[in-house]
Amino acid sequence: MDPPPPSISGGRRLSRRAVKRTNYDESLQDSLLHDHIGGPRRRNRRNLTAAERQSETETEAMIAVSLGFPIDSILDAEVSAGVVDLTDDGAAQNDYIVVRNHILAQWRSNVRSYLSKPEIRETVSRQYDHLISSAYDFLLEHGYINFGVSPAIRAQLPDEQDKGSVIIIGSGLAGLAAARQLLSFGFKVLILEGRDRPGGRVFTTKMGKNHNSASVDLGGSVITGIHANPLGVLSRQLGIPLHNIRDSCPLFWPDGTTVDQRMDAEVDLVFNKLLENAARLREVLGESANDISLGSAIERLQKLYGVARKIEQQELLDWHLANLEYANAGNLSDLSLAHWDQDDPYEMGGDHCFLAGGNWRLIHALCEDVPILYKKTVTRIAYGEGGVEVVVVGGQIFQADMVLCTVPLGVLKSGTIKFDPELPPQKLQAIDRLGFGLLNKVAMIFPCVFWGEEIDTFGCLSKERTKRGEFFLFYGYHTVSGGAVLIALIAGEASLNFEQSNPLTSLHHVLSILRGIYGPRGVSVPDPIQTICTRWGDDPLSRGSYSHVKVGSSGNDYNVLAENVKGRLFFAGEATNREYPATMHGAFLSGLREASCILQTWREQFVNKSISKRFLQKNLRLCSDILVDLFRRPDLEFGIYSFVFDPSTTDDLNAMGLMRITFGNFKYEDSRKHSLNEKLNGHCQLSELQDQEFHLFACVSREGAHQVKLVSGDDKARLHFLSKKFGLQLMGFSDTCNLSHSLIVDISCARKNHYRKLRTMHHKVHL
């Protein structure tokens, strides 16, 4: 099993306010809306009194505000979509806002069902029918309503995908959210995932033994702010309870004694005052603040005001600074003074929560009905007017109309994925400027909850400033995991050093800290049943944890990273979400955003340009004719196998070409894709294929073709070799022309030029 991905936290720090209740019940949101609206789909606005209508309008407006809509205006995206005539007086826009808010509130009152236009029309006056259509279509296409995993919503997936094809790279929250939306829009979708599991940086694993096992989130773990959070919607749809992380977080000195509450409060005040003064400092410095780190500013302010001068005060302040580094997955010396907290205005309200049983339950539900190929690590993405081609390790190639890249920022920084053509300079610069930090964990399952059932978090201070983030915070997962699970966090500079340390040494250090805290209190700390140490910097499919605004960067770099390239290459993930970076819900929302963007782009490219089905069919027939013509003179042929390549790439063993496999005596054209494994393992045995002639095709490199030729044995042995070595996907004529159109045309043109040159040379010789 591959190492679990890093945790995606969010927010600046866990509040330590007094807590009112332990468990957050998502059904309370249903009750609240029921009280104000009168039950889902039941209350008719046309029958309300003026006072009732005004009260309901105000309530629905507050729901819209919690979802990110302005209270008395429309979003820029709504303006671009032309939802209402802005040249009219303000009354039209106001009516639209009321209708839009009403639709939002109606669906939020029962997120388990699918809200249709007729249901809305039952509750709103007929004079607003045009606004209902406008608002409903916008909200549906932008992922504000009817998204998620409930059976009612899944039942609305279209039977046919009549729009374009999209390859999605990565099956994390962003990729899965986009995939489900695109499928609901009618797109053909395929996810390529490098790991052997879905989820990306959200990963829940089992720890312990059969009689004492538990589910542990070793990746994204905290739902940061439950109000209006789409992950809260998913949990409601699935009926999964959430546990509110209690604010009580006792702190302990390195010797195990408890930090005095008075001193804790004093230093906490100093910490927040330092951040306030840092904010004032950047206002004074203006643009000069772009080149200064938050860490250096805090150090200067601390010296200037002479605060936290005692050793104990400094150790306590360092704990708060480590907590800040945890929230940002980066050293304070890397964070931009000017923009490190640029996302604060958008922070979701409400409690921070754990999901009972782990976040894999959301991932598992999101994967249903979504086609995913695992162990497909992408190495190259080519994009242009003819579509996109995605190459994975081993040389297998996938083609589609568009591609959505959701890999972590750390992977983009590593350069392991080659883009052809190269990404625009401004995007490359944004990738370089943004920070991508590190958070590691030591997860332990014990025979018992020795730290106390009533505690979710506790912290431990360090004597060394450079190690202030080493095991500084402990999370208890016993309330949601099904076992006595405790996780120690490592943030900041300590997280970098942790990756180089011996796991056994790290475990002994953690246990010495725990025994130093609980031993003097008469509590015996047992050895853990099992321990897992994470190494996210070394994970080639993440290269770190989550993004932050580094010195020299700004929030605008998130927007630049989110921009699509030529309407073919799209990007999603937490590092493309300026409002909600470094959060699970930010990743999910970015997937919904890009699904909408892909839909709009498809309309502009294929619908608004009036590319009719007849035109597409004509080109398909033309492509089929070219394909047939190519294989009249194959470059390599043996048994039932024929290969054609671009003659200008003779010396390039990695150059891609086309392979044709001929079966039987009957020419058969089929637009369905055929899995090579299906051919060999059940659906269509080789003996059955020989009863009728038809051709199946695949993309293969020159080297791959020669390897097939060298296989000893018959054609069936070569088929087994292709399946085991390359995992190729065989296609009929239609899909080959649809997905490999650019390759077919390139080979055909290259061949014509090659033969033309040969004829010219032959003519000169005879002269």
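Q: Hi! How many helices and strands does the protein have?
A: This predicted model has 27 helices and 29 strands.

Q: And what percentage of the residues is buried?
A: Buried residues account for 54% of the 767 in the protein.

Q: What about the accessible surface, how much of that belongs to carbon and sulfur atoms?
A: The accessible surface is about 33,400 Å², and 50% of it belongs to carbon and sulfur atoms.

Q: Switching to the second largest pocket: how much space lies in there?
A: About 1,500 Å³. Its lining takes in 46 residues, and those nearest the centre are Leu 75, Ala 77, His 142, Tyr 144 and Arg 593.

Q: Which elements give two or more residues to that lining?
A: They are α2 (50–66), α3 (76–81), α6 (129–141), α19 (556–562) and α20 (584–607). The largest share comes from α20, with 10 residues.

Q: How do the lining residues divide into nonpolar, polar and charged?
A: For the second largest pocket, 19 are nonpolar, 16 are polar and 11 are charged.

Q: New topic, Arg 195. Where is its place?
A: Arg 195 sits in the loop between β3 (188–192) and β4 (204–209).

Q: Is Arg 195 buried or exposed?
A: Arg 195 is buried, because its relative accessible area is 4%, and buried means under 20%.

Q: So which side chain does the side chain of Arg 195 make a polar contact with?
A: That would be Asp 539, whose side chain lies 3.0 Å from the Arg 195 side chain in this polar contact.

Terms used:
Residues numbered from 1 in each chain as written. Predicted model: local features only at pLDDT ≥ 70, side-chain atom pairs only at ≥ 80, totals over all residues. Heavy atoms only, no water. 1 Å grid on protein atoms, 1.4 Å probe; cavity = no way out; pocket = protein on both sides within 12 Å on 5 of 7 lines; lining within 4 Å. Points joined across faces, edges and corners; volume = space filled by probe spheres on them. Helix = DSSP H or I, 4+ residues; strand = E, 2+ residues; numbered from the N terminus. Nonpolar A, V, L, I, M, F, W, Y, C, P; charged D, E, K, R; others polar. Buried < 20%, exposed > 50% of the residue type's maximum accessible area, 1.4 Å probe, protein only. Polar contact = N/O pair within 3.5 Å; in protein donor to acceptor, adjacent residues only side chain to side chain. Areas by Shrake-Rupley, 256 points an atom, 1.4 Å probe, with all protein chains shown as cover.
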